[in-house]
Amino acid sequence: MITRCRPLLGTFVEITVPVGQEAAADRSFAAVEHVHRAMSFHEGGSDLARLRAATPGEAIEVDAETVRVLRLALDLFRATDGLFDVTTGRQLVRAGFLPRAGIARLAAFPGTSADIEVVDDHHIRLARRVLIDLGGIAKGHAVDRAIEALTDAGVAEGLVNAGGDLRVFGDRDWPVALRDADDVVRHAVQARNCAMASSANLMNRRRFRGQEQSPHIGRGGRPVLTTGRVSVVAPRCILADAMTKVAMADPELAGQVMATYGGYLLASPSNGNCH
Amino acid sequence: MSHRNWSHLAAIPVLAVVSAPAWAADYLSVEQAQHALIPQAQSFVAVPVTLNPAQLTQIRRLSGTPQRTSQPRIWRALSGNATLGWVIVDEVIGKHEFITYATAISPDGHVLGVEILSYRETKGGQVRDPRWRDRFRGKALTDPFLLNQDIPNISGATLSCRNITDGVKRLLALHSVALAHAG
């Protein structure tokens, strides 16, 4: 096996393939780069930048993958009674977790996920101006696309890991270590033909107006502040990635929703983690 | 939260607390990275460059990041006599990791690609929060390298590649200051 690593999606993306399949790894990275370009919050030419600039009511043409990601994001928004929400960008910019990205007035973006309408496979319409951030779901989607690129190229087994959101395939077990919220690795699991994502925010806090902030927004717009780590196992990485955000705030709900998608929360022997 | 066993996933029993692992991953050698970044090049010729203080200042001004070494590791990618681009091998220190990466830059100053060569997480396993330290005190460290050697794949909170992004910006400035007119 060989592993290559590139800085993409704001993190380190590793792709592991059998020796001799380097060309397939290149194609797999290209799939991640495509997601990076389309769904970056920061980059001016991304779909998210164009949706920020969109006039309410106008159908905006975006990449078909952006539509796919937003479709699932809206399904999860409804399934979690609004807890999974890709429109927390305003709060994240304000607290400093996302860059200002040239946005003059955050108050100009009052919309929520309820204001996002999928018109067709290539168009999105916004009822109000919305600050969309796909940071909680696009990495998982990118991992799935990277895996598809490998299987399409006839690769028999492999692993794609985008900063801790990973998926493995092939007729073998892949050992995966779990990094706890304090950055320490205490446990490992064997994964086979599945995706896994983990979230924590103990080491990723900021202060804003005297209040401690995290990049995970819970009920009532309150930041989720937990010392724990959650890990979600799912058939697809987009689900695992997205549902860690729900699991951070409400593990019970996340478990119920994951059951409908064929996934589950991985209980961590070390916790007490999830409050 | 209930614990369900799933046929696809089984917990590996008891891996002890790893208190100070030196996570390390080597992805590519310099030579492999050169060919991965500019595959059509026939040769890579080392270019000795010594940046003078004025150039170092200018790189910092252009990129916002200090260029620490005045002797960067640079190769010219050649096809016959034609310069296809440049490969620069550089290092950044992240939050607590030491990363070597290679950036390929076209003759007109565009990024052709970035590959991570190696990754050293020198203090990644340290428990920095005393509350956590107390909680796990007394759990013996049986084999500190077991996880490192056997389990390169980690699921956990995302590590930012911000320092690489800043580094690439700095190398673009270096290119414009020292290489763009080198032909």
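Modeller: Start with A:Arg172, which lies over the face of A:Trp174, 4.1 Å from the ring centre. Bear in mind that this is a predicted model.

Now from charge on ring to ring on ring. Over all chains, the structure holds 1 aromatic pair. The partners are A:Phe12 and B:Tyr119, arranged edge-to-face, with 5.5 Å centre to centre and 90° between the planes. That angle gets the edge-to-face label because planes over 60 degrees apart count as such. The pair crosses between chains: A:Phe12 belongs to strand β2 (residues 11-17) of chain A, and B:Tyr119 to strand β7 (residues 111-121) of chain B. How buried are the two rings? A:Phe12 has 7% relative accessibility, so it counts as buried. B:Tyr119 is buried as well, with a relative accessible area of 8%.

A polar link also joins the two chains. The side chains of A:Arg6 and B:Glu115 make a polar contact of 2.9 Å. On the chain A side, A:Arg6 is placed in strand β1 (residues 2-8). With 11% relative accessibility, A:Arg6 counts as buried, because the cut-off for that label is under 20%.

A word on the partner chain, then. Chain B has 5 helices and 8 strands, and along its sequence they follow the pattern β-β-α-β-α-β-β-β-β-α-α-β-α. Of the 183 residues of chain B, 45% count as buried.

Back in chain A, there is a serine pair to look at. The side chains of A:Ser198 and A:Ser231 make a polar contact at 2.6 Å. A:Ser198 is found in strand β10 (residues 195-200) of chain A, and it is buried, with a relative accessible area of 3%.

The loop runs between β9 (185-191) and β10 of chain A, and A:Asn193 is in it. A:Asn193 has a positive phi of about 45° although it is not a glycine. Its relative accessibility is 40%, so A:Asn193 counts as partly exposed.

A:Asp81 shows a positive phi too, about 55°, and it is not a glycine either. This residue is in the loop between α3 (64-79) and α4 (89-95) of chain A.

Last, zoom out from side chains to helices. Helix α5 (residues 138-152) and helix α6 (residues 237-249), both of chain A, pack with their axes 7 Å apart, at an angle of about 165°. That angle is why α5(A) is roughly antiparallel to α6(A): the label is given to angles over 145 degrees. As for handedness, the crossing in which α5(A) passes α6(A) is right-handed.

Key: Residues numbered from 1 in each chain as written. Chains lettered and ligands numbered in written order. Predicted model: local features only at pLDDT ≥ 70, side-chain atom pairs only at ≥ 80, totals over all residues. Heavy atoms only, no water. Phe/Tyr/Trp six-rings, centres within 6.5 Å; stacked < 30°, edge-to-face > 60°. Helix = DSSP H or I, 4+ residues; strand = E, 2+ residues; numbered from the N terminus. Buried < 20%, exposed > 50% of the residue type's maximum accessible area, 1.4 Å probe, protein only. Lys NZ or Arg CZ within 6 Å of the ring centre and 35° of its normal. Polar contact = N/O pair within 3.5 Å; in protein donor to acceptor, adjacent residues only side chain to side chain. Axes fitted to C-alpha atoms, helices over the stretch in contact; angles between N-to-C directions. Parallel < 35°, antiparallel > 145°, perpendicular 65-115°, else oblique. Left-handed = near helix turned anticlockwise from the far one by under 90°.
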